[in-house]
Amino acid sequence: MTTRVGGIEAGGTKFVCVVGTGPEDIHAQVRIPTTTPEATLGAALAFFQEQSLQGGRLGALGIASFGPLDLHPGSPTYGFITSTAKPGWKNVDVVGPFRRALDIPVGFDTDVNGAALGEGRWGAARGLDTYVYLTVGTGIGGGGVINHQRMHGLIHPEMGHIWLPRSPDEVPSFQGVCPYHGACFEGLASGPALHRRWGGQAETLPAHHPAWALEAHYISLAISNFIATLSPQRVILGGGVMEQKHLYPLVRDEVRRLLNGYIQSPSILERMDAYVVPPALGGLSGAAGALALAQRALEGGG
């Protein structure tokens, strides 16, 4: 019988806390608004303590969090959210309170690396060893796996903050919304960028609106860069903006156009519909990724 574990998808607007063994076997779930660290982490901890009392001690906990994060186990600030722009959450210890109170192994990674891990174990990247997961929503993030290993290094990937050339079709007065970089990928193509540029929420813009061709262009520029640098076997593209399903064919066609035949792979030339895909786990990608992090921590894999 698979051991019951806990998972936290720690987002900037809500923490999704789950207990189970996988996305098809979730025993309990709660959503907690992301307010102050004390209130949010306290409510999450109380949920897992209650679940431990009701169903027995959890084997491990996985936390897939918004960042940036310190993921180096030997660092004095390992387990911390570091230079985030979210008010009140800079330099906050996320892992420590759970490790001390629950006394179980805790796996920790970015929300997008977690989602990539979940999609690899149960979703759209099953059977692959190298792939990228991108989320386009309130922010833009990217994580992924190379040769079955999550992407870590200096810190971790920040795919939402790569620089992109401004489109000739860009609104001249629009300078981007990223508080650090202005017109980076997140600054040009996130949900808030759509709202500020066009004056309305993404879901209110009709499918024929010029916003979508511009959005697809920026997303496709980023994907083309990741294809050229990381050579993923698949790109999984999720997030709130991608709930506009008409974006997928626009992005696939634009990626193929931008690559211009240089990448000679049937996946690009003939099977693009199966190359740039939505998450198979839908809205459960992040929570499933947190459970996968917990299982890795239980197995001693971190």
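Analyst: Among contacts in the protein chain between residues at least 6 apart in sequence, 62% join residues at least 24 apart. This figure comes from a predicted model, as do the other values below. The chain has 9 helices and 12 strands, and buried residues account for 55% of its 302 residues. For 302 residues, a compact globule would have a radius of gyration near 19 Å, and the chain agrees with this because its own value is 19 Å. Along the principal axes, the C-alpha atoms fill a box of roughly 55 × 40 × 35 Å. The exposed surface comes to about 13,300 Å², of which carbon and sulfur atoms supply 53%.

The domain assignment divides the chain into domain 1 (5-114 + 283-299) and domain 2 (125-278). Taken over C-alpha atoms, the centres of domain 1 and domain 2 are separated by 26 Å. Where the two meet, 15 residues of domain 1 are in contact with 18 residues of domain 2.

The sheet itself is open and is formed by 5 strands in the order 3-2-1-4-7, with mixed pairing. Strand 3 (25-33) and strand 7 (106-110) each have a single partner strand and stand at the edges, so one side of each is left without a neighbour in the sheet. From one strand to the next, the twist averages 15°.

Strand 1 (residues 5-10) pairs with strand 2 (residues 14-22) in the antiparallel sense, over 6 bridges. Within this pair, Gly6 has Val19 of strand 2 as its bridge partner. Strand 2 and strand 3 also run antiparallel and are joined by 8 bridges. Here Phe15 has Ile32 of strand 3 as its bridge partner. In general, strands of a sheet pair through backbone hydrogen bonds, in either a parallel or an antiparallel sense.

Which helix packs on the sheet by touching strand 1, strand 4 and strand 7? Helix 2 (residues 95-102) does so, and its direction makes about 170° with that of strand 4 (61-65). Helix 3 (residues 111-122) packs on the sheet as well, touching strand 2, strand 4 and strand 7. The direction of helix 3 makes about 110° with that of strand 7.

Helix 2 can be examined residue by residue. Its buried residues are Val95, Gly96, Phe98 and Leu102. The cover over these buried residues includes strand 1, helix 1 (37-55), strand 4, strand 6 (92-93) and strand 7. After helix 2 comes Asp103, whose phi is positive, near 55°.

Leu214 is placed in helix 6 (residues 210-230) and is buried, because its relative accessible area of 5% falls under the 20% limit. Leaving out residues up to four places away in sequence, Leu214 touches Ser167, Asp169, Glu170, Arg197 and Trp198. Of these contacts, Ser167 is 47 residues from Leu214 in sequence, with a C-alpha to C-alpha separation of 7.6 Å in space.

Ser224 also lies in helix 6, and it is buried with a relative accessible area of 9%. Apart from neighbours within four places in sequence, Ser224 is in contact with Val255, Leu258 and Leu259.

Val277 belongs to strand 12 (residues 276-277). Val277 is buried, with a relative accessible area of 11%. Not counting residues up to four places away in sequence, it touches Ala124, Arg234, Val235, Ile236, Leu237, Tyr248 and Arg252. Val277 and Ala288 are 11 residues apart in sequence, and their C-alpha atoms are 18 Å apart in space.

Notes. Residues are numbered from 1 along each chain as its sequence is written. This is a predicted model: local features need pLDDT of at least 70, side-chain atom pairs count only at pLDDT 80 or more; totals for chains, interfaces and linings use all residues. Side-chain values use heavy atoms; hydrogens and water are left out. Two strands pair if DSSP finds at least two bridges between them. Helices (H or I, at least four residues) and strands (E, at least two) are DSSP runs, numbered from the N terminus. Axes are lines fitted to C-alpha atoms, for helices over the stretch in contact, and angles run from 0 to 180 degrees between N-to-C directions. Contact means heavy atoms within 4.5 Å. The radius of gyration is taken over C-alpha atoms; the globule rule is 2.2 Å times the number of residues to the power 0.38. Buried means under 20% relative accessible area, exposed over 50%, partly exposed in between (1.4 Å probe, protein chains only). Accessible areas come from the Shrake-Rupley method with a 1.4 Å probe; for residues, only the protein chains shown count as cover. Domain bounds come from an automatic or database domain assignment.
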